[in-house]
Amino acid sequence: MFRLRGRATAEGDLTPDMSSSEGVEAPDGIKRFDHQRHFDPNLPSNEIELVDAALTSGDSEKAVIVEVASVEDDSPYPEVRAAVRSYDVDLPANTIRAWAIGLILCTVGSAVNMLFSLRNPSITITTYLIQLVAYPIGLGWDLIFPNRVFTFMGVNFNFKPGKFNFKEHVVIVAMSNAAYGGGALYATDVLLAQQVFYGQRFGWGFQLLFGITTLCTGYGLAGLLRRFLVWPAAMIWPGNLVNATLFHTLHDDKLVGPGKTNSWRMGRYRWFLYVTAGSFVWYFFPGWIFQGLSYFNFICWALPNNVIVNKLFGGFRGYGILPTTLDWTVISGYALSPLIPPFHAIANTVAGVVIFFVIVSAGLHFSGTWYADYFVVQSSDAFDNTGAKYNVSRVLNDQLLLNEEAYHAYSPLYFSTQFALCYGLSFAAVAAVIIHCLLYHGPQIKAQFKKARSQEDDIHMHLMKKYKDSPDWWYLILFVIMVGLSLAVCTAWPTGFPAWAYVICILIPIIWTIPIGIVQAITNIEIGLNVLTEFVIGYLLPGHPLAMMNYGYVAMQQALYFAQDLKLGHYMKVPPRTMFWSQLVASVWSAIVQIVVMNWALGKIPDICSDQQLDNYTCPGGRILFTASVIWSTIGPARIFSGNAVYSSLQWFWLVGAVSPVVAWFLARRYPKSIARYINVPLIFGGSGWIPPATAYTYLCWGSVGFLFNYFIKRRFNGWWLQYNYITSAALDCGLIISTIVIFFALYLTSASAPRWYGNYDVYETLDQRGLAIKSFVATGETFGPTSWP
């Protein structure tokens, strides 16, 4: 990153003087970097020390110059240098080949994801699979079509403008990620809840507008914020490094000398094939042959009926304090691959899990706080005062609104200890991320707002200036149109969602997208806004469940997906205008395809969304959203977290979240070379946001593998790590995806039975797996808890 070079010429010493006690001034580039480097945990400490030495040196006789290579030569981050090339190649990206393959895969993936999202268990077509599948399709296209220019109505075009290249490949993957990067369209779960569970049918116009606006509002927002989330070098987006490595491996894998890879001589393409094949074969064991390998809780197997043992060591509903798994889906299923985030992000997240979801939670649970004796340690369900699952139908009237009398005759809501804590930590995280962003990144945000595209943080920004940018007004017009259409959706149909409430809702992603996006771009870990939006709407519009479902955190979530794709195009030098139109067209088309498939399924599949559906098309996403809408809006957060409610003490987490970053910031300033520099308070509170349905066990497994690769191997075998780490991550995920698809279609859909032996059946007979690791049970006809409640 920084080079120390002696320069002497016949014209004299051209070395700039460094700042010193004698008043010699440091170069402007170094000074600017010095202001930004203090709180960047991804910058190697040894390179920061070089800057410090340059700033404090008073020996101007040394023919030494310290250059910031982030401006001149390459990215300042070793991970980016290893995965992304610091030069551009003139290759076509906006081609008929890219658009045809991209739209075909967008259509197929959208339809498959939508159809199988209605089923439990489900399966998801991911962008890794699309990246893998698109490559042979592109090569096959080259075998069929000639490299010849055709003319139609005065327009020249070529079906094969050279060999299928990585820029076209990026466009295809970006289209798929824009269409279904997060799985099936979120709007379809809302529509299912409305039509099936609430019995409201607003017609095709509402469905299409709702689906398109939920996707494209986020796209407009992402484009407007790209000066903060895409262009700066510090916004790494580590997940993109895996995609970039796989693109280069597939299209142009170059052998690296063994001196740079800790004596390894194998090409990354061959290594990718070996690991993919191994991952594919291995998953047949935890996925079918020996399913006990997933939650390898052998202590619980030995003592299956011991309540304390199952609470402490159970990985499914307990603390899982001995994390042992041989299943990549358990490791990467929620927090994604642990080979991607930098170690400081893993450490902060795992620290939060250990502090809150193990130590604090155990103290609360075993002391009986929140009536914990009557529940398992962790569950995603809400419970009543008999310990049974909360029956929401008992508190609703014929109009599906809250029946106050029935509610007070039935029960307040109760949560498991982990579930209750997750709400408190969500409160802390959304408060902490704002304060953290202002303290740690405020000056940079201000500077980037003024500079816009004139900023030149690294070589990649410099290389992208050869292409015409998508102007801000494109994204602004798109955002304004989507906001206008969203207002029409909310007010033209009887959604119960007034225009003023929508304005408040859309302000939430506008305010939080930058701070949450910065944290995700640096760490690869997203902090969700779903609890905040549900909380706000529940207070603003109590008793209107459809209002809560219409527009929540989805605008910010989609904005982050789009921002990540824009950074991928930035890394791979794809023209910005090609990225704009490909993502926009794919988003609109995918929304149409998924809504068409949803309506087809509702009309053609018998008993769809019922618990007794023969093929398990029970609509799990719509069902969960329906229950959440009842809890958060019909009953409302005021009855859960305010006044004398059982969980009112969790409101203190707002204050804790706001104060903690200030303490961490002062420590980092006071001790800049200590571990305090790496403390990330939003991650400590919100990095484990997938709990539940994830568990402390899955995060501890994830953290253990992350420690192995991103701490031990990176420090001990850095050359190997730089060359093979990201391609290993891609291969593990690709092999797992392919194996999952084969098992799902070849075995589950054919009603085949897994081998009947201890490893597939008896391992599920523990109290933890059965959800019975409970200290106290309520006798028939009795209840626990208060006799009156808000």
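Which helix does valine 659 lie in? Valine 659 lies in helix α29, residues 652-670.

## Ground rules

Residues are counted from 1 along each chain as its sequence is written, and this is a predicted model, with local features needing pLDDT of at least 70, side-chain atom pairs counting only at pLDDT 80 or more, and totals for chains, interfaces and linings using all residues. Side-chain values rest on heavy atoms, with hydrogens and water left out.

## The chain as a whole

There are 33 helices and four strands in the chain. Both are DSSP runs numbered from the N terminus: helices are H or I with at least four residues, strands E with at least two. Of the 790 residues, 56% are buried. Buried means under 20% relative accessible area, exposed means over 50%, and partly exposed is what falls in between (1.4 Å probe, protein chains only).

Take the contacts (heavy atoms within 4.5 Å) with a separation of 6 or more: residues 24 or more positions apart account for 81% of them. The accessible surface comes to about 32,200 Å², and 62% of that belongs to carbon and sulfur atoms. Areas are from the Shrake-Rupley method with a 1.4 Å probe; for residues, only the protein chains shown count as cover.

## Salt bridges across the sequence

The structure holds 12 salt bridges, each being a side-chain nitrogen of Lys or Arg within 4 Å of a carboxyl oxygen of Asp or Glu. One of them pairs lysine 714 with glutamate 79, with 2.5 Å between the closest N and O atoms. This pair links distant parts of the chain, since lysine 714 is in helix α31 (residues 696-716) and glutamate 79 in helix α4 (residues 78-83), 635 residues apart. Lysine 714 is partly exposed at 22% relative accessible area, whereas glutamate 79, at 10%, counts as buried.

Arginine 227 and aspartate 472 also meet through their side chains in a salt bridge (2.5 Å, N to O). Arginine 227 sits in helix α10 (residues 226-229) and aspartate 472 in helix α21 (residues 472-492), so the bridge ties together parts 245 residues apart in sequence. Here arginine 227 is buried at 13% relative accessibility, and aspartate 472 is partly exposed at 28%. Then there's arginine 639 with glutamate 404, whose closest N and O atoms are 2.4 Å apart. With arginine 639 in helix α28 (residues 638-641) and glutamate 404 in helix α18 (residues 404-410), that pair ties together parts 235 residues apart in sequence.

Which residues of α21 are buried? They are Trp474, Tyr475, Leu478, Phe479, Met482, Val483, Ser486, Val489 and Cys490. These cover an arc of only 160 degrees around the axis, so they lie on the same side of α21. The arc is taken from the directions from the helix axis to the C-beta atoms.

What do those buried residues of α21 pack against? Their partners are α9 (204-224), α10, α22, α25 (554-572) and α26 (576-604). The face turned away from the buried side of α21 carries the exposed residues Trp473, Val480 and Ala492.

## Enclosed α8

Helix α8 (residues 186-197) has 12 residues and reaches 16 Å from its first C-alpha to its last, close to the 16 Å expected. Why is α8 described as largely enclosed by the rest of the structure? Because 10 of its 12 residues are buried, including Tyr186, Leu191 and Phe197. Following α8 comes glycine 199, whose phi is positive, near 70 degrees.

Isoleucine 504 is in helix α22 (residues 499-523) and counts as partly exposed at 31% relative accessibility. Leaving out residues up to four places away in sequence, isoleucine 504 touches Val536 and Leu540.

Valine 659 is partly exposed too, at 42% relative accessibility. Together with Trp652, Leu655, Val663, Leu667 and Tyr671, Val659 forms a nonpolar patch on the surface, with about 610 Å² of accessible area together. Patches take residues with over 30% relative accessible area and no salt bridge, joining like charges within 9 Å and nonpolar side chains (Val, Leu, Ile, Met, Phe, Trp, Tyr) within 5 Å.

Methods:
The expected span of a helix is 1.5 Å times one less than its number of residues.
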